[in-house]
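Open the model in your viewer and keep the selection tool ready. The tour makes a few stops, each with something to pick and something to look at.

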Amino acid sequence: MSQRPTAAEAARARAVAAETCEIEGVDRPGLHADAGARPANESFAAVLGRHLHRRAFLAGAAGAAAVPVLLTAGEVRADATAAGSDPLAFAPIAPSKEDRLITPEGYDHQVLIRWGDPLFEDAPEFDAGAQTPEAQRRQFGFNNDFVGVFPVEGGPNLLLVANHEYTSGEDMFAPYEPGVNRAQAEIEMAAHGGSVVEIAPGPDGWRVARGSRFNRRIDATTPMAIAGPAAGHRLLRTAADPEGRTVLGMVNNCSGGKTPWGTWLTCEENFNYYFANAEQAQDPDLKAVHARYGVSRKESPARWEAFFDRFDVTKEPHEAFRFGWVVEIDPYDPAFQPVKRTALGRMKHEAATTALAKDGRVAVYTGDDQQFDYVYKFVSSRAFDPADRKAGFGLLDEGTLHVARFHDDGTGEWLPLTIDNPALKGRFADQGEILIKTRLAADAVGATAMDRPEDVQPNPVGGKVYMTMTNNSKRPAPGEPKGADAANPRVANLNGHIIELVEDGGDHGATRFRWSVFLLCGDPAVDLKTKPEEIRAGLPTAATFYAGYADPSTLSKIAYPDNIAFDPHGNLWIATDGQPKTEGIGAPNDALHAVPTEGPHRGHLRQFLSAPSGAEVCGPEFTDDGRTLFCAIQHPGEGGLVPNKVSSWPDGESLPRPAVVAIRRKDGGLIGG
Ligand code: FEO
Ligand code: CA
Ligand code: CA
């Protein structure tokens, strides 16, 4: 314990980590540790029809819920496809460094729920100076990332689900004593995971239905099932769970997705930072796997291993293999046991987003957020049956996980990670091992190393798939893939980029695709001369490309694209994580931007929101009627200590609190329209 850092030392270490996080491929400054090594789409009418069908089905699934108001086809056509029209009508805001949340003129926002807000009648009010594990288990968790909404029976209420990605003790406690104060570790564990919260619309906006029968907290200790091909695998068996089928908790749940049968997919991302002492692992094979995933070589940042042996690789060598999965949760059933779906692979999952193949099979897109890691797609064996919600719960246990290879000619293929793939034969004992060691299998089949894949998401309007590559300052690096390639065209990608992918035949079940660069982020005033053909040749850092839109005077600067969403018109909304670190665009606060994906304004990106100081923007999530936009404001004031001098958002107090906001137009109109 004598090596425990003082608060000042911890702050310095944190500042250093923040400075170097993008260099190390580390997503979260506070979790810095060892880094591991055109359209042939279906028509809009078909998409809308399917969407309506899904809503009606969901309504049935949840009881007899009212189907939320949808845009009429006329409204959509008028805004989205009318030739020459601009589907975005808000007045863009300027980049800001102010410690407040800024939206365009004509918009309002409200803080819907904050870290520590009580979810149940018996939950105590938040008291920063009297935190307990028991209280935190009944309150909204820390660092909200993914946000999704589901309709509630009878309407117009919604179930809002939120991930609680990670904790940063120095932003929660004073003094913070990692590895010494067991209660703080237990509060941190209780502040992880996710929340389900019923919300109701009212004259003053949305409000939380405290005590709703749906409200739920899931944390780093909640029992979860392990399902799919790796369930019961010898590498998933531990002293506490000799069957390898039940695990306690989920950690570092970053983004996620929703399934057509109305469940929540929540994704374990930087799980590696929760496990300690990998360099002392006895088994060289296991040691190599832990190294490929960046499991902490020595102590973990939060040092839970001081109190719980399962987080120490030398004491429980397999526990780390039980994290890094996509977890499925039924938001309508508070007693539902969360399930880790091993068929979707084990990696630093950013998100997991779904689309239906033409034959009804379910495709799940997911990115592995690490410099030089990969983009994946799972396709289920069986088709989704809108008449049988229950059958949906097994769909993600049988199917094929693929990893993407991007060819320089603008084509690409999804390579199967299956035991009968000749490239994998003899290297892995069984399918379960392939899934537990997904990164190694993807290495072996020759996947394309990307510039830190974050969100990968199909546009419900038109079906093109968009994927954010947040940044990669290492390209090229000694021992890493050399130089740039067509899909990662910058030799030093300081600002990130977005790729647009079209599946063959517009079918999400396809194994081949075409792709192009949609956006090369940065300052459009610096170099907007890039031509698509030049992108394929490899570009200098400053080059920018806004899908061919070439008037820099009306474009906003953007860097570090992370989470994305689509409004009901199919415009792409891009949340950022890290803009304050990008001197190339003036290091403004993180932001939310919107950009049309079709028509004459394709590429015309404009800033919609500026976050408070130190915060990243997560979510975002639209209601189906397009009239409310939920955003998760994560880690306001990051980099400060308690009391915090970086941010006092949202309450003007010394302890900033991560919170979900609801944004509406003052006239009740369509967001962005
Ligand atoms: Fe947690 Fe990849 O952002
Ligand atoms: Ca990120
Ligand atoms: Ca993210």
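The model is predicted, so local features need pLDDT of at least 70 and side-chain atom pairs count only at pLDDT 80 or more, while totals for chains, interfaces and linings use all residues. Residues are numbered from 1 along each chain as its sequence is written, chains are lettered from A and ligands numbered from 1 in the order in which they are written, and side-chain values use heavy atoms, with hydrogens and water left out.

Select helix 6, residues 284–292; its buried residues are L286, V289, H290 and R292. Buried means under 20% relative accessible area with a 1.4 Å probe, protein chains only; helices are DSSP runs of H or I of at least four residues, and strands are E runs of at least two, numbered from the N terminus.

Go to the start of helix 6: a side-chain oxygen of D283 comes within 2.7 Å of the backbone nitrogen of D285. After the helix comes G294, with a positive phi near 75°.

Next, select E621 in strand 29 (residues 616–622). Its side chain reaches the backbone nitrogen of V149 at 2.9 Å and makes a polar contact (N or O atoms within 3.5 Å, one able to donate a hydrogen and the other to accept it; residues adjacent in sequence count only if both atoms are side-chain atoms) with the side chain of K258 at 2.6 Å.

Finish at V465 in strand 21 (residues 465–469), which is buried at 0% relative accessibility.

Notes. Buried < 20%, exposed > 50% of the residue type's maximum accessible area, 1.4 Å probe, protein only.
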